[in-house]
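Open the model in your viewer, colour it by secondary structure, and follow the stops below in order.

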Amino acid sequence: MCDYSLHAVATRPAEVGETIVTTTFRGTSTRGFASEADMSVAVCLLPGTELAFADNVRYDNRWIWTRTINSRVGKFGKIDPHIPDRHHDAIEFPDGKYVLVTQLVEGQRATVLQLPVTQPLSERENKPQTVADNRPTTTRRLPIG
């Protein structure tokens, strides 16, 4: 997903193994991820996408100071989705802290390690699964409500 503030920027989905870079997109005040090959196109991440940064992650804290998260791995997600007209795209770190993508310092490189599973539930429900004794079983879900 790309935040609402990037509606006027060309976008494409992330690919496993690619290196993406934090940048501010021309004509916006929003930061996000772009491909090293084309910094004008926003690379959109799905919630649950796992990233490995080249260095410890740096982000803006207030106006002119930056801070560092002592971690190089994170998972993309959304925070406060119920609040409209606000940045929601964020990176969650192993210590449970979140940093908004728009606060990430420009020029940081990250590799897309893994994308989340996006297979439709209807396809997953009826697929046989192999258990320890190699007998196929069918997963069933009970209706809620």
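Select Trp63 to begin: at 79% relative accessibility, Trp63 counts as exposed, because the cut-off for that class is over 50%. Bear in mind at this stop, and at those that follow, that the model is predicted. Trp63 is found in the loop that runs between strand S6 (57-61) and strand S7 (65-69), and if you extend the selection to Ile64 and Trp65, you will have the three residues that make a nonpolar surface patch of about 510 Å².

Now show the whole chain, which contains 1 helix and 13 strands. Traced along the sequence, these elements follow the pattern β-β-β-β-β-β-β-β-β-β-β-α-β-β. Of the 145 residues in the chain, 32% are buried.

Next, select Thr102, in the loop between strand S10 (98-100) and strand S11 (109-114). Is Thr102 buried or exposed? Its relative accessibility is 16%, and Thr102 therefore counts as buried, the limit being under 20%.

Finally, display the surroundings of Thr102: leaving aside residues up to four places away in sequence, Thr102 touches Ser29, Thr30, Arg31 and His87. Zoom in on Arg31, whose backbone nitrogen lies 3.2 Å from a polar atom of the Thr102 side chain.

Conventions
Residues are numbered from 1 along each chain as its sequence is written. This is a predicted model: local features need pLDDT of at least 70, side-chain atom pairs count only at pLDDT 80 or more; totals for chains, interfaces and linings use all residues. Side-chain values use heavy atoms; hydrogens and water are left out. Patches are made of residues with over 30% relative accessible area and no salt bridge: like charges are joined within 9 Å, nonpolar side chains (Val, Leu, Ile, Met, Phe, Trp, Tyr) within 5 Å. Accessible areas come from the Shrake-Rupley method with a 1.4 Å probe; for residues, only the protein chains shown count as cover. A salt bridge is a side-chain nitrogen of Lys or Arg within 4 Å of a carboxyl oxygen of Asp or Glu. Helices (H or I, at least four residues) and strands (E, at least two) are DSSP runs, numbered from the N terminus. Buried means under 20% relative accessible area, exposed over 50%, partly exposed in between (1.4 Å probe, protein chains only). A polar contact is a pair of N or O atoms within 3.5 Å; within protein, one must be able to donate a hydrogen and the other to accept it, and residues adjacent in sequence count only if both atoms are side-chain atoms. Contact means heavy atoms within 4.5 Å.
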